[in-house]
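Subject: Structure handover

Hello,

Please find the structure below, followed by notes on what was found in it. The notes start with the terms and then go through the sheets, the helices and some single residues.

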Amino acid sequence: MTYLALARKWRPRTFSELTGQTHVVRALSNALDQGRLHHAWLFTGTRGTGKTTLARILAKALNCEQGVSAQPCGECSACRQVDAGRFVDLIELDAASNTGIDNMRDVLDNAQYMPTVGRFKVYIIDEVHMLSKAAFNSMLKTLEEPPAHVKFILATTDPQKIPITVLSRCLQFNLKQLSPALIQQRMTQILTAENITADSAALQQLARAAQGSMRDALSLLDQAIAWNPAHIQTESVLEMLGTLDHDTLLRLIRALQDGDANAVLQQANDIIAQNADLGGVLQELARLLHQIALCQIAPDTLENDLPIHQILREMAASIPPDQVQLYYQICLLGKRDLPLAPDEAAGFSMTLLRMLAFLPAQEHTPPSAPVRPAVAHNTPATTIARNGAITAATQPATTVPAQQDTAQEATQDTAQDNRQNVAPDNTPNTTPTISLQQRNLPRHAADWQQLVEEMKPGAQARMLALECEWQSSEEDKLYLLLPHSHKHLAQPGYQSKLREALTKHFARPIQLILTLQESVSHSPQRIVEKDRAQRQADAETSVQQDRFIQEAIEHMGARMVSTRTNP
Ligand SMILES: [Zn+2]
């Protein structure tokens, strides 16, 4: 007895047997039942999504002796011959092997003749994008003025390569990749009919490994049955697929999370010793990280059916989201670069070590807490952004307070916060300062900047003060320049607040004379900005010169971007 591959044995023969693609089936069924028949259809979609199967069912529906309908009888000779692949008026071509013009022209020349036995002459052209330009032109002639008895059913994995002239004459349907759940459901049906039992986890692994292709899924199922004809076990499927059970991967993630290099290497060695497909292991690891990330962002999306999901939820709660993203990114890059590594094992363990080496430049706060940007003083922190770019987080130690427009309603408390941002308070409140009464008004721009910090004005006065450039001072008079861009700060309320602050600070009435100026370049605000720009430039230079980072860029194909984390 010859063994018939499951994919062939269980190839759907009616629309209702087809797994998934309900959107396409519904549209086609309606058209068939209502007799609205187009003369050319194009099915697009990745391999194994059911394009040719659908094409054959459609060909059968068009030629069933019981009449055109979405439910071909399956009993008449036309139906049976289509199923057996012997129907003379169904011409199946594989463009991948018939790209020449001669063959296509021969075939299409025959289109003008009436069908031999059927209602329609149906041409199924698979991988139609592989046709030569001349062959397309030949087909186009028929498509432009199609004889009533000719139907084209085209299928392709790559619709981009089909000339627009052809595309525009076809009714196009995009077949979706099948979800692991749908694939698993179909496998279960088939196994039940075949009287074979299986572990649910084993089928889940097979369904995932098929990556959306039913044909691949059934081919893998064939292999699994060959390994274990009576019962499909998880262990043997994992061994067959060269993948690992989740426990191993979860232990690995835990070790990474703990920053325990020894444990990580130990796990890596165990995995390597199992002769697993290391690219597949990284892929599976990425899949788990994806689920953890999903769980952090949208907990409801994680189905609740597996014990592993409880563990994933725990991990989602304990690993900071940015770290999950980083692991994921490194995982993908590691998998991509695996063929370039000295050997697979080295590439694999290097990927894991990279996860330990790079930490997000952010404080590790619990996922629920707002993420605060890290403040790096001299050594710029380095992180890898989600897009794989290595980012120099060169946030200077001092930052400028919140934008003026928001600070208008700012309370005294906010002002307090802003002040701390601008300059860490070096002089504790308890430290007595020298008598300020004797002090003179500022003598140059830097004095003014320092004065603004020292006198700690309220929010409104502070906003005004930061934008003003010192112009000159007399005994009790302070002349300031305000740029036109901030003239709204010149309103009396703000001015009087600043005057009060000055008067309080110097313990004598101070007169404030404000002049509007096109622009200023030495206001405290501008000085801080210039300083920040310089620090950024310095930090970027030092990051670029860092050998470790250069290597990381080289090995990981990352690129430098300069970003600034704003509070
Ligand atoms: Zn029939």
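Two strands pair if DSSP finds at least two bridges between them. Helices (H or I, at least four residues) and strands (E, at least two) are DSSP runs, numbered from the N terminus.

The model is a predicted one, so local features need pLDDT of at least 70 and side-chain atom pairs count only at pLDDT 80 or more, while totals for chains, interfaces and linings use all residues. Residues are numbered from 1 along each chain as its sequence is written, and side-chain values use heavy atoms, with hydrogens and water left out.

The chain as a whole

The chain has 24 helices and 13 strands. Of its 567 residues, 46% are buried; buried means under 20% relative accessible area, exposed over 50%, and partly exposed in between (1.4 Å probe, protein chains only).

The five-stranded sheet

Five strands make an open, parallel sheet in the order β2-β3-β4-β1-β5. Its edge strands, each pairing on one side only, are β2 (90-94) and β5 (171-174). On average, neighbouring strands of this sheet are turned by 15 degrees against each other, direction ignored. For angles here and below, axes are lines fitted to C-alpha atoms, for helices over the stretch in contact, and angles run from 0 to 180 degrees between N-to-C directions.

Within the sheet, β3 (residues 121-126) and β4 (residues 150-156) run parallel and are joined by five bridges. K121 stands opposite V150 in β4. Two helices lie across these strands. Helix α3 (residues 51-63) covers β1 (40-44), β2, β3 and β4, at about 155 degrees to β1. Helix α6 (residues 133-144) lies across β1, β3 and β4, at about 135 degrees to β4.

The three-stranded sheet

A mixed open sheet is formed by three strands in the order β10-β11-β12. Here β10 (469-473) and β12 (511-517) are the edge strands, each pairing on one side only. Neighbouring strands of this sheet are turned by 25 degrees against each other on average, direction ignored. Four bridges pair β10 with β11 (residues 477-483) in the antiparallel sense, and E469 stands opposite L481 in β11. Helix α22 (residues 492-506) packs on this sheet and touches β11 and β12; its direction makes about 135 degrees with that of β12.

Q495 is placed in helix α22. Is Q495 buried or exposed? Its relative accessible area is 17%, so Q495 counts as buried. Leaving aside neighbours within four places in sequence, Q495 is in contact with L464, A490, L512 and L514.

Helix pairs

Two packed helices are described by the angle between their axes and the distance between the axes. The axes of α8 (residues 180-194) and α10 (residues 214-227) come within 11 Å and cross at roughly 45 degrees. That makes α8 oblique to α10; angles under 35 degrees count as roughly parallel, over 145 as roughly antiparallel, 65 to 115 as roughly perpendicular and the rest as oblique. The crossing of α8 and α10 is right-handed. A crossing is left-handed if the near helix is turned anticlockwise from the far one by less than a right angle, and right-handed if clockwise.

Helices α14 (residues 278-297) and α16 (residues 321-337) pack at about 155 degrees, with their axes 9 Å apart. They are therefore roughly antiparallel to each other. Their crossing is left-handed. Residues making this contact include L282, L285 and L289 of α14, and V324, Y327 and Y328 of α16.

Other residues

T301 is in the loop between α14 and α15 (307-318). With a relative accessibility of 46%, T301 counts as partly exposed. T301 lies ten residues from Q291 in sequence and 9.0 Å from Q291 in space, C-alpha to C-alpha.

In helix α20 (residues 445-455), the buried residues include W448, L451 and M455. Just after α20, K456 takes a positive phi of about 45 degrees.

Regards

Methods:
Contact = heavy atoms within 4.5 Å.
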